[in-house]
Amino acid sequence: MSHNSVLEVIDLAVTFNTERGPLRVLDGVSFSLPAGRTVALVGESGCGKSVTSLAVMGLLPPSGRIDGTIRLEGREIAELPAEQRRLLRGQELAMIFQEPMTSLNPAFTAGEQVAEALRLHQGLDRAAADARAVAMLNAVRIPEAARRARQYPHQLSGGMRQRVMIAMALACRPRVLIADEPTTALDVTVQAQILSLLDDLRRDTGTAVLLITHDLGVVADHADEVVVMYAGRIAETGPTRQVLSTPQHPYTVGLLGAAPRLDGERGGRLASVEGTVPDLANPPPGCRFKARCPFRIAKCDEQPPLIEVGPGQRSACWRAPLDQILEAA
């Protein structure tokens, strides 16, 4: 782990008690988040991205059990009592939830919802908190911020609601910001504005950003490092440019092949990763991607370790590095 990491997640596992018995949805997930940098968690639905973020935030349901280590600026926080975890949220850890249409409270104005965190965590009186809330709405580039602060969520567009969510998350200048699909349901123009805004705020405040997405284009433009997840485990991790230009896990290769390309054949079919994610209630032994992998070998029945395959780049594949295999393919 990097010595300047704000957040360190080490060998994180999450198990839910279900009617079918214990269900381990995360298994051995480790990554670090340096100050002022963006790390992206990538993978298809159900791979464990959002569960990872909820575990870090302390927002798992009571049926979820955490094993492993979560350190915030050197402090172990996974085992903190619920009240102490609650005090961290908003003050040092903040999250932009996936759906701004439903994450805001319809009974309170935009300004009231931003000001609440300031009153709770920084002890500001109502007038000071309201003034700071307007300043935050202005900082996230909401026009006529003072007027918009008096409006309710239903009076705001999707892009403005997303900006309100960002203002709420950043109001107390947290050390870590988790952005879970922060541009869901937004058109591409507003999406670009929101992501650019997050980049600017990260640079200005030094906040570390954990970006959760399935969009590799967003990752390429906005993330410094990428963690590719599959079926609750890390498949590959490393510097974004390196992982996207020379992927060293068959799943990463498949994700990149399935992404639309401007130089692709006009009218041609997009490539796809055949098959489906395995049932985590009864996961296969060894590599969880093996049933869908075009490069599988007998040794894939054993779980591969996450090994270094390049400067800062690691892959959990027995055949990595894949350079010769991909050239032959």
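Thr38, Leu195, Leu198, Asp199, Arg202, Val209, Leu211 and His222 line the second largest cavity of this structure. Before we look around further, please keep in mind that the model is a predicted one.

Two elements, α8 and β8 (208-213), each give two or more residues to its lining. Helix α8 provides the largest share, with four residues. Sorted by class, this lining holds four nonpolar, two polar and two charged residues.

How many cavities of 30 Å³ or more are there? The count comes to two. The largest cavity holds about 70 Å³ of space. Its lining is made of 13 residues, and the closest to the centre are Pro250, Cys287, Cys293, Cys300 and Cys317. In this lining, ten residues are nonpolar, one is polar and two are charged.

**Aromatic contacts**

| Pair | Centre to centre | Angle between planes | Arrangement |
|---|---|---|---|
| Tyr230 and Tyr251 | 4.6 Å | 55° | tilted |
| Tyr230 and Phe289 | 5.1 Å | 85° | edge-to-face |

Which parts of the chain does the pair of Tyr230 and Tyr251 link? Tyr230 belongs to strand β9 (residues 225-230) and Tyr251 to helix α11 (residues 250-258), so the pair links distant parts of the chain, 21 residues apart.

For Tyr230 the relative accessibility is 4%, and for Phe289 the relative accessible area is 2%. Phe289 therefore counts as buried, since the cut-off is under 20% relative accessible area. Taken together, Tyr230, Tyr251 and Phe289 form one aromatic cluster.

A ring elsewhere has a charged neighbour: Lys299 lies over the face of Trp318, at 4.3 Å from the ring centre.

**Backbone features to look at**

Now for the backbone. Most residues other than glycine have a negative phi, and most peptide bonds are trans. A few places here go the other way.

Arg173 is not a glycine, yet its phi is positive, at about 50°. You will find Arg173 in the loop between α7 (158-170) and β7 (176-180). Its relative accessible area is 52%, so Arg173 counts as exposed, the cut-off being over 50%.

Glu181 also has a positive phi without being a glycine, with a value of about 45°. The loop between β7 and α8 (188-205) is where Glu181 is found. Is Glu181 buried or exposed? Glu181 counts as buried, because its relative accessibility is 10%.

Where is the cis peptide bond that involves Pro321? This bond runs from Ala320 to Pro321, with omega near 0°. Pro321 is in the loop between β12 (313-315) and α12 (323-328).

Definitions and conventions: Residues numbered from 1 in each chain as written. Predicted model: local features only at pLDDT ≥ 70, side-chain atom pairs only at ≥ 80, totals over all residues. Heavy atoms only, no water. Buried < 20%, exposed > 50% of the residue type's maximum accessible area, 1.4 Å probe, protein only. 1 Å grid on protein atoms, 1.4 Å probe; cavity = no way out; pocket = protein on both sides within 12 Å on 5 of 7 lines; lining within 4 Å. Points joined across faces, edges and corners; volume = space filled by probe spheres on them. Nonpolar A, V, L, I, M, F, W, Y, C, P; charged D, E, K, R; others polar. Phe/Tyr/Trp six-rings, centres within 6.5 Å; stacked < 30°, edge-to-face > 60°. Lys NZ or Arg CZ within 6 Å of the ring centre and 35° of its normal.
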